[in-house]
Each structure stands twice: as structure tokens, then as C-alpha cells.
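Please look over the sequence and the model shown here. A short report on selected features comes after them.

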Amino acid sequence: MDVYGIEALLGLPACRVVNQVIRPQRLDVHLQRRDTSLVCPRCQTCCSHVKESRPRCLRDLPILERPVLLWLHLRRFECHECHHRPWETSETFGARVKWTERLYHQVRAEVLGGCPGRELARRYGLSARTVFRWTFKRSRGGRPRRLGRVSGIDAYARRKGHRDNTAIVDLDKGRPVATCKGRRAEAVIAWFKHRPQAELDRVAVVGLDRSKTYASAIQELVGETVHVIDRFHVMPLAVDALDEVLRSVHKQRDPEEAKALKKLRRRWLKSANQRNVDELIARYEWRRRFPQLREMIDWVQDLRLWCERKYAKPAREALVQLMERASQSAQEPLKRMAGTLTRWFEPIVRYIRNRYTNGMTEGFNNKIKLIQRMAYGLRNEHKRRKRILAWCGAP
């Protein structure tokens, strides 16, 4: 292959190819910066006289299925004004690394995607130890991470319907901190007790669902004042209660009216400013015909408006009023909602002051499912933990 073809494949506009050597096991490409001069850092004079040069070796992606070694020849210039001899530097590559960033990201992505490490080592001319180090150690996949000020805890299935694990996520930095085997309170407490006391004192918010197990563990470790339940773990309960009332109304109607009612269900859950005139008229008509539906829809919409409040004290009073309305209702779904809000009253009210959600933890749960599918189960717990932390963490 000619020099221009190799330059096009490399995609390094700041460097030019000066030589290529095809060896039995690899391809050596010698590079040099295109600039023929350098600005002296002392006197700001242009230097063009080269005194010496030294090669620097970097590994790169294969070309034509051959591992590539890039030999970057760095030159040393001499200034004719102050006689300073500065070395040229390369902005394309790092100062001390021995591989290109694209090779590192390619190897890491393929390992986490399920490709065997030995196969990648043979393909890219690396050692198996280097592949392991790039994937896990450099990305902190095998090291414990520090607890953040805001954490989220949730369970994920390591085998669907049979066994669960616990994921602890730093919601500020957006990365998982650790995973614990099982979802019992003892496992979570044991992991937290191994952390330094300074980290536990720094925890200000812990986002959870309505799990009594995790709530008791957090209460024992860092106190109950940090427990927060976001709106996305409250509103689905209200929507389920509304669906239960809708099903009871469906049974009283003929199939055509029941079908029309089902179509309007999603539109009713919109805010008032998001509905058009036809939706408002249809909603008003159904509310007029069924008082139990009117009561349920108004209560759900009031709960949605409550989640938009900004101040804790008025929000506390408004939530108490919502609970009283639900408890005094004759409908069983509303009474159950009143009981749920009463049990988790304080964590729900804390959401108004601490606007953190556990949605990031739920997103990592979906990513963990993808990792386990690509790795065909990951029965080894230690390898599962390392792969999860390496995949979901920053490179």
C-alpha cells in the first residue's frame, strides 16, 4: 500500500507518513509532524534547525488485519537567537501513553460486548493482561468507589423471577458505586458499614422506592431524614387506582362505549393546557355521567399538581388535605392510596425540597439486563460486578 493510502486510513492530518515496514506479524508506520518549524518558548522565535530526533512507539487499530505500530519521530530544534533546544510535542496523542485512544475504546467496547479477551489480544497484538487492565482496572471496574452526597438504591434481577441483587448508584456523578448480592437489609447494611465514616456522614439524600427492606437499612445506617421517594414512584399508584375505577365503569357500558372510554384514558392524564377542545368536552361528558370517575380524575390531577410545588411547608399541608379526601371517599382504590401516602408521608414530602429522582438507577437496571444477556447470564458474581462497574462507569 502506498503512503497516501496509509495516511487516509490513519486519519491523522497533523502527521505525515515517512516510511512503512511490513513485518510478518505487524505493520510499522513511521510518522512525522507536518510542521517543519517550531516557535521557541523562550524568545518566541521560529526555529527550523533540527539538532536530533527520537522515536516514540504507539499501538493503533489494525490495517488489513495486521496490528499497527506507529513510530512517531519527535524532533529537537535549536533556536538561533537564544540557542534554546526545545522538543516538539504532539497534540494528537497523549504525553506518556503507548496506545491511541481509539484503540483503547475499541478494545474496551468489544470486551464489554462479550468478545473473549484472548481473541482481542491476538487480533490487536496485545497481551491478555493489557486487555484486562484497559477494560477493568483503568476504568475502575474492580475498585471500590466512594459514596456520593446523593445516592440511589434499587434491586435488579440477576435471574428473572428467582434472584435479585442490589445496585447502589451515585446520582450526582451518574455512575454505579457498587452492587450487593441479594436484596436483604443485612447485605446492604454490611456493605455500608465497610465504608469510612466520613463517606456515610456526607450522604444527604438517598432515593428509594417503597421498599421496607431498603428503608429500614438506610434508617439504621444514616437516619431516616435522608430517605426520599420521588414522584415517579407515587404517580403510578394513582394511575393504577384510576385504571381500577375505569375497569368498573367498562363493565357497565356496551363494547363501543367501553372502547371509546379506553381511548380517552391516556388523554385524561394530560395536563389541562395540553388537551384540545374535543378532549375537554369528552372528559366533561364522562365525568358528568359517572360521579366516581369524576372524583377519581380530579384527585389524580390534584396529586399531579402537588408534585409541581416548590415549598415544603405548603406542600405538607396540601398533601394532608389530599389524604383526607381519599380516606373519606367511598371508593376502595382511593382509600388504599390514602393508606399508602400515610405510611410514606415523610419521604414523599422530602421530594419537594430535594428534587432528585431514582430514574437513573432504573436506567442502569435496564443496562444491567443488557449486559447479562450479552454475557449469557454471568453466573460468576465477582465477574458480574466488575463488568457492570466497567460498562456503566466512566472510561
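The report covers the basis of the model, a sheet, a cluster of rings and a helix.

## Basis

This is a predicted model, in which local features need pLDDT of at least 70 and side-chain atom pairs count only at pLDDT 80 or more, while totals for chains, interfaces and linings use all residues. Residues are numbered from 1 along each chain as its sequence is written, and side-chain values use heavy atoms, leaving out hydrogens and water.

Helices (H or I, at least four residues) and strands (E, at least two) are DSSP runs, numbered from the N terminus.

Four strands form an open sheet in the order 1-2-6-5, with mixed pairing. Strands pair if DSSP finds at least two bridges between them. Strand 1 (15-22) and strand 5 (49-63) are the edges; each has a single partner strand, so one side of each lacks a neighbour in the sheet. From one strand to the next, the twist averages 25°.

Strand 1 and strand 2 (residues 27-33) run antiparallel, joined by seven bridges. Valine 21 has aspartate 28 in strand 2 as its bridge partner. Helix 3 (residues 117-124) lies across strand 5 and strand 6 (66-78), at about 140° to strand 5. Axes are lines fitted to C-alpha atoms, for helices over the stretch in contact, and angles run from 0 to 180 degrees between N-to-C directions.

## Aromatic pairs

Rings of Phe, Tyr and Trp (its six-membered ring) pair if their centres lie within 6.5 Å; planes under 30 degrees apart are stacked, over 60 edge-to-face, the rest tilted. The count comes to three aromatic pairs. Tryptophan 99 and tryptophan 134 have ring centres 4.8 Å apart and planes at 45°, so this pair is tilted. Tryptophan 99 sits in the loop between strand 6 and helix 2 (101-112), and tryptophan 134 in helix 4 (residues 128-137), 35 residues apart. Both tryptophan 99 and tryptophan 134 are buried (under 20% relative accessible area; exposed is over 50%, partly exposed in between; 1.4 Å probe, protein chains only).

Tyrosine 104 and tryptophan 134 have ring centres 6.0 Å apart and planes at 70°, so they pair edge-to-face. Tyrosine 104 is also buried. Ring pairs link Trp99, Tyr104 and Trp134 into a cluster.

## Helix 13

The buried residues of helix 13 are Pro333, Leu334, Met337, Ala338, Thr340 and Leu341. They fall within an arc of 165° seen down the helix axis, so they line one face of helix 13. The arc is that of the directions from the axis to the C-beta atoms. These buried residues pack against helix 8 (235-250), helix 11 (291-307), helix 12 (312-327) and helix 14 (345-353), with contact meaning heavy atoms within 4.5 Å.
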